[in-house]
Amino acid sequence: MTSWVGRTAAEIATAVREKRATPREVVAEHLARIELLDARVGAFRQLRAAAALAEADEVAARADLAELPLAGVPVAVKDNLAVRGESTRLGSAATPDTPAADDHVTVARLRAAGAVVVGLTNVPELGVFGTTEGVHGTARNPWDTTRTAGGSSGGSAAAVAAGLVPLALGNDGMGSLRIPAANCGLIGIKPGSGVVPAGIGHGDWFGLAENGPLATTVEDARLMFSVLAATDAVSARKPANRKIAVSVRSPLVGVTISRPYVTATREAAQLLAGAGHRVRRADPPYPLWLGTTALAHWTAGTALEAEGLDRRRLTRRTRVHAALGRRFIGSVREGTRREQLRTRMEPFFAEHDVLLTPALARRGPAAAAWHERGWLRNLLANTNYSPLTPPWNLTGWPAMAVPFGTLPSGAPCAVQLVGRPGSETDLLELAGQLEELRPWRRTAPLA
């Protein structure tokens, strides 16, 4: 009997379309793996076992089964996006346990493409931090369960890296998709502004937040991205030769990049140069005010998310974050600094097609009760390990994490690719080359 756990989304969908597998058997196998392993991983806040099996049968009965790009593919959804019939808790005790009347548009697109939602994944409270823990559980990196999966799409990344589902939906407001993708050895794409419908919380963190896929292969990431963006990005093109800038400089003064991430970036650059790309060392013109601007947007977005919630039921770190952010709402809403950053970066991206950087500065922090620790301790932990993701939320340009190499612990290392607006497909092409030249292990060896 063929096992569908551990197979790619593309393989599963092809088998279901050709009736070599049924959606029910595919979903049932993944539900069994979740029951077996998720107590160790902490990926899911809510599992939809009975509902998922019923929906799998509905997919099997569809007249258009043979045309569905994600036919029968089990997916997980981050618990800040509405899934019809389920509550959306945002990792908090302060949110209502009220079932959603409708799917978020991205969830609806996945279902229309034949995917089956098996559950909602853990997030830090209100999706604020780069580690995932709280009243609903702790998401751990399946490659090293002593470490966080990252955040805020930590549960989604953990689910894919553990082989609990082949695909998961996450989102990224300051790195919230790329950070856990980098920790867990996955492809994670933050699309540029307006490419995939956002609709995340109250105002998409002033337009910083984007929805995107988490996958184990570039093919699967491309497939899910094409469904989310309602575009034809499925077919891989022959990569054109690109002008690639390589930078291992931290955008934030005082934050350094650790040796494994520097080494991974330089080795990735060498491979791309050997593949015919024009690669050169060049640092983006990061402004000195980048750190304070990122902090203002990060906290102001949290302030909006916390509006209307019982603050007594929020954790202390969230209350402090939101209180600070209320001071910045007016200036952040004006968007002056974001426009200045884009203007500053445009000449650099006119000269270079793509920027290659480390995805993180160092490995993820310990999987611990960070939600019970003070705000400043959380701030420092987040900033010191993920300074390289926020600039591209502020510009609104596409960026993605790509697995590359391993850390001394044996967990995955990763690099980041950044492009100008509209270059998502170009980034996927380069990621595909890296995958071909330096393949990575797709899922963690849990058993």
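Biologist: Domain bounds come from an automatic or database domain assignment, but what kind of model is this?
Modeller: It is a predicted model, where local features need pLDDT of at least 70, side-chain atom pairs count only at pLDDT 80 or more, and totals for chains, interfaces and linings use all residues. Residues are numbered from 1 along each chain as its sequence is written, and side-chain values use heavy atoms, without hydrogens and water.

Biologist: What volume does the largest pocket have?
Modeller: About 400 Å³ (the space filled by probe spheres set on grid points joined across faces, edges and corners). A pocket is an open set of points on a 1 Å grid over the protein atoms alone where a 1.4 Å probe fits, with protein on both sides within 12 Å along at least five of seven lines.

Biologist: Switching over, how much space lies in the second largest pocket?
Modeller: About 260 Å³, and of its 14 lining residues the closest to the centre are Thr 88, Leu 90, Thr 95, His 202 and Glu 305.

Biologist: Which domains does that lining draw on?
Modeller: The lining of the second largest pocket takes at least three residues from each of domain 1 (9-229) and domain 2 (243-418), and the lining of the largest pocket likewise draws at least three from each.

Definitions and conventions
1 Å grid on protein atoms, 1.4 Å probe; cavity = no way out; pocket = protein on both sides within 12 Å on 5 of 7 lines; lining within 4 Å. Domains from an automatic or database assignment.
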